[in-house]
Amino acid sequence: MDVLLLSRLQFALTVAYHFLFVPLTIGFALLVAVLETMYVRSGDARYKSMAKFWGKLFTINFVLGVVTGLTMEFQFGTNWSEYSKFMGDIFGSPLAVEALMAFFLESTFISIWIFGWERLSKKAHLFAAWMVALGTHLSAIWIIVANGWMQNPVGYVLRNGRAELVDFMAVLKNSYAWHMYSHVILSAYVLSGFVVLGICAYHLLRKQNIEFFKSSFRIGLVIALVGILGVVLTGHFNGQNTARMQPSKFAAMEAIWDTERGVSAYLITVPSEKSESNPVEAIGVPGLTSFLAFNNFNAKIKGLKDIPLAKRPPVALTFWSFRIMVLLGFYFLVMVALGWYLQTKNRLLDSTRFLKLLLYSIPLPYVAINLGWTVTEVGRQPWTVYGLMTTAKSVSVVPASNVMFSLAAVIVLYSLLVILDFYLIAKNAKKGPEPIGEALDEPTASHSEFALSGNS
């Protein structure tokens, strides 16, 4: 294998591993902050117990996730040095802000949150919880702003063979980035909601801490439902944005080969890159793809045959990743609707098949999110920076053996981290919450002031 293929494989695996941690961190940070808010407002110790239980799982995931994110940035210098030379000024700016502001914010306050239960006042501790949630959401903004520039370069000039930043606000306000951000954040809520529902299902099947997990189940349903409805809405606008700005990716997502007006949408499609056609198309709605892309049933969509072969993305991988992701989205919606019905009718505990299905569904949002990322990144190929720099020209000039060694190290190390993460989360999830009596400890004002002043 050559350096380019090995480097692409290494970065893809690194992102895929990292993306097993990030969405749960984002969703659980918000979940814990909301639960603690409910505790502070109501004084109900059950919410404190819930914040502590789900917060422990959040902490495990956050700590191990940080490790997987650190090496990813090093690869820009080791594996993608030509890319770094070309757009280091622009790509480095949002990443620097992310490290200095967002990551610092969440790292600082998560320590205060973990060790502050018995030292801070309720409101001070709640403030720390919301700062952690804010930090995780801000961190995602800067990462996606950097990626958004690669999808839709703005605010730059080409000078001496490099892209130089001339308008930071244009980069920050890049519409492509904000469409992606809203979709990613909401999909993180879906994943977090299904992790909550799956863990609740495990305990409800065993009739353990029933009231605790029935309450958590209702909150998980709300998170998952908000996430799914938001994902559908933002996914639609994200798709329209892609149709306008990256027609080759959109054509690959929908397997559209010929440029034409009034493009139909088919429930069943099987594309063939070899014949540049779809041998199987069934159950179609005339003009629906054109309408979804441009709000016009007769809108013209550019087909792949009008895009040079060297500038087309891999069609099969982009198409099937998109289709499976959408199908999983419908599955999630059905499961949440069914869960809502069963808990409203007070039949949840008797629905063992449904609870087992929820438990086994925990991995599926992870699959859906990684498929969505595959559509975003593979669909942009052959470009690293859309329309400006190809992936082939971005790679470092290094021996293939070096990349092979680091790739093997990534696979071994990250696999161990993922296994450790899932083991610790599963172990603590199975253990269940601490007795509510232990969650009633009240902090004192003096402890709060002492800890916040940094003298503890």
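Reader: Is isoleucine 90 buried or exposed?
Author: Isoleucine 90 counts as buried, because its relative accessibility is 2% and the cut-off for buried is under 20%. Keep in mind that this is a predicted model.

Reader: Thanks! Which helix is isoleucine 90 in, and what does isoleucine 90 touch?
Author: Isoleucine 90 sits in helix α4, residues 81–115. Leaving out residues up to four places away in sequence, isoleucine 90 touches Trp149, Tyr156, Ala163, Glu164, Leu165 and Val171.

Reader: Nice. Which residue in β2 stands opposite valine 157?
Author: That's glutamate 164. Glutamate 164 also belongs to a salt-bridge network with Arg159 and Arg162, joined through shared partners.

Reader: Let's talk about the core. Which residues touch the most other members of the largest nonpolar core?
Author: Phe28, Trp54, Met87, Phe194 and Phe217 do, in a core of 111 residues. Helix α7 (residues 175–205) supplies the largest share of this core, with 19 residues. Another core lies apart from it, with 13 residues, among them Ala255, Ile301, Leu304 and Val315.

Reader: What does tryptophan 54 touch?
Author: Not counting residues up to four places away in sequence, the contacts of tryptophan 54 include Phe28, Leu31, Val32, Leu35 and Val196. Further along the chain, tryptophan 54 also touches Ile199, Cys200, Phe212, Phe213 and Ser216.

Reader: Switching to charges: how many salt bridges does a search of the whole structure find?
Author: Eight. One of the pairs is lysine 52 with glutamate 118, where the closest N and O atoms are 3.6 Å apart. This pair links distant parts of the chain, 66 residues apart: lysine 52 is in helix α3 (residues 45–78) and glutamate 118 is in the loop between α4 and α5.

Reader: Why does lysine 52 count as buried?
Author: Lysine 52 counts as buried because its relative accessibility is 14%. Glutamate 118 is partly exposed, at 33%.

Reader: What about arginine 312, which partner does it meet in a salt bridge?
Author: Arginine 312 meets glutamate 276, at 2.7 Å from N to O. Arginine 312 is in the loop between β6 and α11, while glutamate 276 is in the loop between β4 and β5, 36 residues apart. At 14% relative accessibility arginine 312 counts as buried, whereas glutamate 276 at 24% counts as partly exposed.

Reader: Last stop, the surface. Which residues form the nonpolar patch?
Author: Leu267, Ile268, Val270, Val280, Ile283, Trp320 and Ile324 form the patch, with about 610 Å² of accessible area together. The elements giving two or more residues are β4, β5 and α11, and β4 gives the most, with three residues.

Reader: And isoleucine 324, where does it lie?
Author: Isoleucine 324 lies in helix α11, and at 38% relative accessibility isoleucine 324 counts as partly exposed.

Notes:
Residues are numbered from 1 along each chain as its sequence is written. This is a predicted model: local features need pLDDT of at least 70, side-chain atom pairs count only at pLDDT 80 or more; totals for chains, interfaces and linings use all residues. Side-chain values use heavy atoms; hydrogens and water are left out. Patches are made of residues with over 30% relative accessible area and no salt bridge: like charges are joined within 9 Å, nonpolar side chains (Val, Leu, Ile, Met, Phe, Trp, Tyr) within 5 Å. Accessible areas come from the Shrake-Rupley method with a 1.4 Å probe; for residues, only the protein chains shown count as cover. A salt bridge is a side-chain nitrogen of Lys or Arg within 4 Å of a carboxyl oxygen of Asp or Glu. Helices (H or I, at least four residues) and strands (E, at least two) are DSSP runs, numbered from the N terminus. Buried means under 20% relative accessible area, exposed over 50%, partly exposed in between (1.4 Å probe, protein chains only). A nonpolar core is a set of buried Ala, Val, Leu, Ile, Met, Phe, Trp, Tyr and Cys residues joined through side-chain atoms within 4.5 Å. Contact means heavy atoms within 4.5 Å. Two strands pair if DSSP finds at least two bridges between them.
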